[in-house]
Amino acid sequence: MTTPLILLPGDDVPSDYLPSNSSAPLRLGPGLRLLSEQVPTSSGSSGSHVITATQAGLVSTDTKKNGVSIASFPNRRYIPTTNDLVIAQVHHSSADFFHCMITPQAPHVLLPQLAFEGATKKTRPMLRGGDLVYARVLSVGVGAGAEVELTCVNPATGKAEPGGLGPLTGGMVFDISTGMAARLIRASSSKGDDEDGVEGLVVLDELGKKLESVGGFEIAVGRNGKVWVDSSNGGDSSVKATVAIGRCLTTIDEHELNTTDQRKLVTRILREMRVE
Amino acid sequence: MVGPTATLTPLARTDGSASYQCPATGFNILSSVNAPVELPGRRDALKPEDATVEVLVKPGTAPNGVGEQYVKEIIKNMLGKLVLGRERGFPRRGVVVTLAVIGGESVARGDSYLTMLPALLHASLLALLSAAVPLSMTFSATVLAVTKSGDIISEPSVQTAKAAASLHALAFSSKGHLLLNESQGAFDFDTWERVHERALTLCRGQAGGSDEDVSMAENGDGQPLEGFIRETVEDKVHRDYAWKIDED
């Protein structure tokens, strides 16, 4: 990898920053578009193509998928996209649907009452206003004003795939930036034994090691900038541990800490809260 | 000449925001962008396949006047050409740019609003960038005053502008197009040509240079404005992606 490249809208991506894998077609991610360029030559004009940025940010390439995209500023508002995992809060329920909030400013999204693992007309979960659900975005509709639909099962198999979808009981939700949420999801999906952690995050590994004595913890990350933390096995110190984990995550998000500072922060917060 | 200063994303609850201070003209602008947002239904029939750009300009202490309406229309037309309203998620939705004049000399009734225009344009561009709204290109803008003796003053203050024979606000895209040309007062073509040349140097460094040279170029007027925009964005990206850049 050469030096990091930051582009502004209208800048062309230099060809040496594109992944060189030629077996698969190049995939353009968000923030990039393909423009054809008319190059005047002696025999009329021949068209060539340039890849141009439409957002400001860092060029990031994915050699496995042969993709290139622009990583823009991470504090953006969450816009639902199909297959995203989100943490939704039930607002009210109607005959067939739970009306949920995924971001406070957006219209309510719909979660069918039967879209849970093993749910039938008789055995569906009774969720009240304020309850939390870990769900997948099933469809976002077409155009403005379309309804967003969530689901907690894979419609093909009827199982809660990937695991853990469904109502979240106990625990506490913390707000983080959407960029941090995406990082946490990527970090947990690609397990590395790297000393520096995946995506520059060591906080979860570090907390896992330190909180083993109080029974560990559960965590669910929603792409809508929410993270749910629960450590109900901890007995007396479970509340303290939950709050400590939340504080660690939000502080790292706010101050953009590096791996060394993340380790220090975890130690400091756990000592302050007297969890260990 | 003291260069401008800017901060990206000072506001937490908007999709994108920027604050921009221009010491030469003495303006301090806070801008925020919300996009894409749902618009009231009656508006999306106008351009069903495109996004609608809305601009709001709020003067700091005075009530809204015709001056704000005037610059609002100029900014709206200019940004409307840059925003790629057909990208995914944007058609039939709105891009709302709110510009608040929070400091500096206020433009009194009857004074020219052109002095404030570059600061407003830069603030809205930086906010659009921080909101990650798709744009076809970036731009830089400047305002020049021509005094009665024919001297060109860049980024004049409100007092200087009042005494000037003519005022010119120009904006250039990052590809070198002339995006905006608003003039006021009495001038001839020769004067405009000189103003254009000076503005091009101010915005893009050496006239006619390639993109790489421009961002590096330093001239008598300090750093070109386009380089300033680029540097502000690069700084912010570096800070936000420190974990990623250090890793590589």
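A residue is called buried here if 20 or more other C-beta atoms lie within 10 Å of its own, exposed if 12 or fewer do, and partly exposed in between, with C-beta atoms placed from the backbone. The model is predicted, and local features need pLDDT of at least 70, side-chain atom pairs count only at pLDDT 80 or more, and totals for chains, interfaces and linings use all residues. Residues are numbered from 1 along each chain as its sequence is written, while chains are lettered from A and ligands numbered from 1 in the order in which they are written.

A helix in chain A is a place to begin. Helices (H or I, at least four residues) and strands (E, at least two) are DSSP runs, numbered from the N terminus. Helix H2 of chain A covers residues 203–210, and Val203(A), Leu204(A), Glu206(A) and Leu207(A) in this helix are buried. Viewed down the axis of H2(A), these buried residues fall within an arc of 160°, so they line one face of the helix; the arc is that of the directions from the helix axis to the C-beta atoms. An α-helix has 3.6 residues a turn, so residues three or four places apart point the same way.

Two packed helices are described by the angle between their axes and the distance between the axes. For H2(A) and H4(A), the axes come within 9 Å and cross at roughly 35°. Axes are lines fitted to C-alpha atoms, for helices over the stretch in contact, and angles run from 0 to 180 degrees between N-to-C directions. The crossing of H2(A) and H4(A) is right-handed, a term used if the near helix is turned clockwise from the far one by less than a right angle, with left-handed for anticlockwise. H2(A) contributes Val203(A), Glu206(A), Leu207(A) and Lys210(A) to the contact, and H4(A) contributes Gln262(A), Arg263(A), Val266(A) and Leu270(A). Two residues are in contact if their C-beta atoms, placed from the backbone, lie within 7 Å. By class, this contact of H2(A) with H4(A) has four nonpolar, one polar and three charged residues. Ala, Val, Leu, Ile, Met, Phe, Trp, Tyr, Cys and Pro count as nonpolar, Asp, Glu, Lys and Arg as charged, and the others, Gly among them, as polar.

The domain assignment divides chain A into domain 1 (6–72), domain 2 (85–168) and domain 3 (172–272); such bounds come from an automatic or database domain assignment. The centres of domain 2 and domain 3 of chain A, taken over C-alpha atoms, are 25 Å apart. Nine residues of domain 2 and seven residues of domain 3 of chain A take part in the contact. On the domain 2 side, strand E7 (85–93) and strand E10 (132–139) of chain A each supply at least two residues. E7(A) gives the most to that side, with three residues. The residues on the domain 2 side comprise seven nonpolar, two polar and no charged.

Chain B has seven helices and nine strands. Of its 248 residues, 48% are buried. Among contacts in chain B with a separation of 6 or more, 64% are between residues 24 or more positions apart.

A cis peptide bond joins Ala35(B) and Pro36(B), with omega about -15°, and Pro36(B) is found in strand E3 (residues 27–38) of chain B. Ala132(B) is not a glycine but has a positive phi of about 55°. Ala132(B) is in the loop between H2 and strand E6 (139–146) of chain B, and counts as buried because 26 C-beta neighbours lie inside 10 Å. Glu155(B), also not a glycine, has a positive phi near 45°. Glu155(B) is in the loop between strand E7 (152–154) and helix H3 (158–163) of chain B, and its 25 C-beta neighbours inside 10 Å make it buried.

Between the chains, 35 residues of chain B are in contact with 27 residues of chain A. Helices H2 (117–130), H6 (225–240) and H7 (242–247) of chain B each give two or more residues to the chain B side. H6(B) gives the most, with seven residues. This side of chain B has 13 nonpolar, six polar and 16 charged residues.

Lys244(B) is in helix H7 of chain B. With 16 other C-beta atoms within 10 Å, Lys244(B) is partly exposed. Not counting residues up to four places away in sequence, Lys244(B) touches Leu58(A) and Gly200(A).
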